[in-house]
Amino acid sequence: MSDAISLASSLPLPVPASEGEEPFRRVPSKRQSLKSNSDKHLQTQNSTENVVPYQALPVQGPLISLNYTPALAVLEPDHLRKEEYDARTSKVLLDYKAKLLERTKHHMGYPYNLDFDYGALEGLQKFSINNLGDPFIESNYGVHSREFEIGVLQWFAKLWEIDSEDYWGYITNCGTEGNLHGILVGRENHPDGVLYASKETHYSVFKAGKMYRMPTEAVDTLPTGEIDYEHFRMRLRANQNKPAIVNVNIGTTVKGAVDDLDRVLEVLTEEGFDEDRFYIHCDGALFGLMIPFVKQAPMVTFKKPIGSVSVSGHKFVGAPVPCGVVITRKEYVEALSSDVEYLNSRDATIMGSRNGHAPLYLWYTLTKKGYEGMRKDVEKCLRNAHLLKSMLDKVGIKTMLNELSSTVVFERPLEESFVKKWQLACQGDIAHVVVMPNITLDKLEAFVQDLIQSRARVSVAAMKQIAADARAADPEADA
């Protein structure tokens, strides 16, 4: 196994790695599992015995295939006999379940933990549970799960080291909503602020800038996907007289790169931005839940001058519905909180109605696993990510695996059917697999074997095309 990452196999939880550190002290980091001075995104091993020939030309991106979704017509019960209606409805649902089972079996490219079982909660599905409004203040609608929601928020507040009287937050409908809320809180506290985000930031952050009509600076990135700190410095200088609203990535979408929060804070301080002139939102969609359980990882903590943190609940935790968590400082959220008489409550959320089942899913999993169970899941993911990287390296496929990440980046397969089969996320000439708790060693082995066969088919087809072109140009080429 590569030594690029230290697994926290013996780390008592939760023990923040930053405890006792001086402010702005940077954690030593190797940065990535490949040489930092390389201008390549990918590397390959020297050992390529028994390697199947593979394509060398990169895919020129962006490449988007618009696969439009067909409609599934709604059945009208009055137009069919009851027996026929029941049979057709049953077949539609059974076919759909079979499709989900097949698609789940070949799910590799997106960061969703599909290893969950909420059978114990099935009896709650008959209730319309709605946590509308502020989670801390009950409304007149009594069918809610606020007590579970606040329990989950307290779990995350402890994880990110903020006292109960100092934080505010809620369970969102997705990770994007967490980003929209974090950036909104920053904008409301700094109305004339400039939004800074690296070019490899999730698209929802730039969506927030557009929605809120904020001036936005897209900052360059390093080959790893991490923010380019010197370019960030240059953009700050260009807007010296305006507050900075900074998005810090705790795992970028494609490469899983982690921006160094301490370094970002150093640059802000060195460029004369006091704490009252900047707001930092940490987008921890996936890795925000993993980093606290990795030894010597740079910590995301409210002991540092950050404004908010958001994560997705359906990703690393795993849930049957999209959801997320956002935590901010109570003093900051006052800027957008207002009383709503209709609800008999206050509201500072993005949405009005909020899924009351999501807190139940998160509470149930966190209660069932605890900090130790989460640590074991993190260790499993990081170990399997290194095993996948080693498998791909061994067969001559170029790879990259960032430190602190379970996202294995590799050459984009040229066979579109393979991309669709394994549901790979692609960008330009690269694709990735996000190793989640539900991805087993058997699944990784099957994936690599299938990838080798796909590349062989592409190579054979290319070879045959060359021969066919030669024959077309010279009919006597075989003479």
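At what angle do the axes of helix 9 (residues 357–394) and helix 11 (residues 441–473) cross? They cross at roughly 25°, and the two axes come within 10 Å of each other. Welcome to this predicted model, in which the protein chain has 11 helices and 13 strands.

**The chain as a whole**

- The protein chain has 479 residues, and buried residues make up 50% of them.
- Among the contacts in the protein chain with a separation of 6 or more, 74% are between residues 24 or more positions apart.

**Helix 9 with helix 11**

- Angles under 35 degrees count as roughly parallel, so helix 9 and helix 11 are roughly parallel to each other.
- The crossing in which helix 9 passes helix 11 is right-handed.
- On the helix 9 side, the residues in this contact are Asn384, Leu387, Leu388, Met391 and Leu392.
- On the helix 11 side, they meet Leu441, Leu444, Glu445, Phe447, Val448 and Leu451.
- Sorted by class, the contact of helix 9 with helix 11 has 9 nonpolar residues, 1 polar residue and 1 charged residue.

**Helix 9 with helix 2**

- Helix 9 also packs with helix 2 (residues 146–159), at an angle of about 35° and with the axes 8 Å apart.
- Here the crossing is left-handed.
- Helix 2 brings Phe148, Glu149, Val152, Trp155, Phe156, Lys158 and Leu159 to the contact.
- Helix 9 meets these residues with Pro359, Leu360, Leu362, Trp363, Leu366, Tyr371 and Met374.
- By class, this contact of helix 2 with helix 9 counts 12 nonpolar and 2 charged residues, with no polar ones.

**Helix 5 with helix 6**

- Another pair to look for is helix 5 (residues 229–238) and helix 6 (residues 261–270), which pack at about 35° with their axes 10 Å apart.
- Helix 5 passes helix 6 in a crossing that is right-handed.
- The contact of helix 5 with helix 6 has 6 nonpolar and 4 charged residues by class, and no polar ones.

**Two loop residues with positive phi**

- Glu161 sits in the loop between helix 2 and strand 1 (167–172).
- The phi of Glu161 is near 60°, a positive value in a residue that is not glycine.
- Buried means under 20% relative accessible area, so Glu161, at 17% relative accessibility, counts as buried.
- Gln423 lies in the loop between helix 10 (416–422) and strand 12 (425–427).
- Gln423 is not a glycine either, yet its phi is positive, at about 55°.

**Gly209 in helix 4**

- You can find Gly209 in helix 4 (residues 203–211).
- With a relative accessible area of 3%, Gly209 is buried.
- Setting aside neighbours within four places in sequence, Gly209 is in contact with Leu195, Met214 and Thr216.
- Gly209 and Leu180 are 29 residues apart along the chain, and 8.8 Å separates their C-alpha atoms.

**Arg88 in helix 1**

- Arg88 has its place in helix 1 (residues 82–105).
- Is Arg88 buried or partly exposed? Its relative accessibility is 38%, and Arg88 therefore counts as partly exposed.
- Apart from neighbours within four places in sequence, Arg88 is in contact with Leu75 and Leu80.
- The C-alpha atoms of Arg88 and Leu75 are separated by 8.7 Å, with the two residues 13 apart along the chain.

Technical notes
Residues numbered from 1 in each chain as written. Predicted model: local features only at pLDDT ≥ 70, side-chain atom pairs only at ≥ 80, totals over all residues. Heavy atoms only, no water. Axes fitted to C-alpha atoms, helices over the stretch in contact; angles between N-to-C directions. Helix = DSSP H or I, 4+ residues; strand = E, 2+ residues; numbered from the N terminus. Parallel < 35°, antiparallel > 145°, perpendicular 65-115°, else oblique. Left-handed = near helix turned anticlockwise from the far one by under 90°. Contact = heavy atoms within 4.5 Å. Nonpolar A, V, L, I, M, F, W, Y, C, P; charged D, E, K, R; others polar. Buried < 20%, exposed > 50% of the residue type's maximum accessible area, 1.4 Å probe, protein only.
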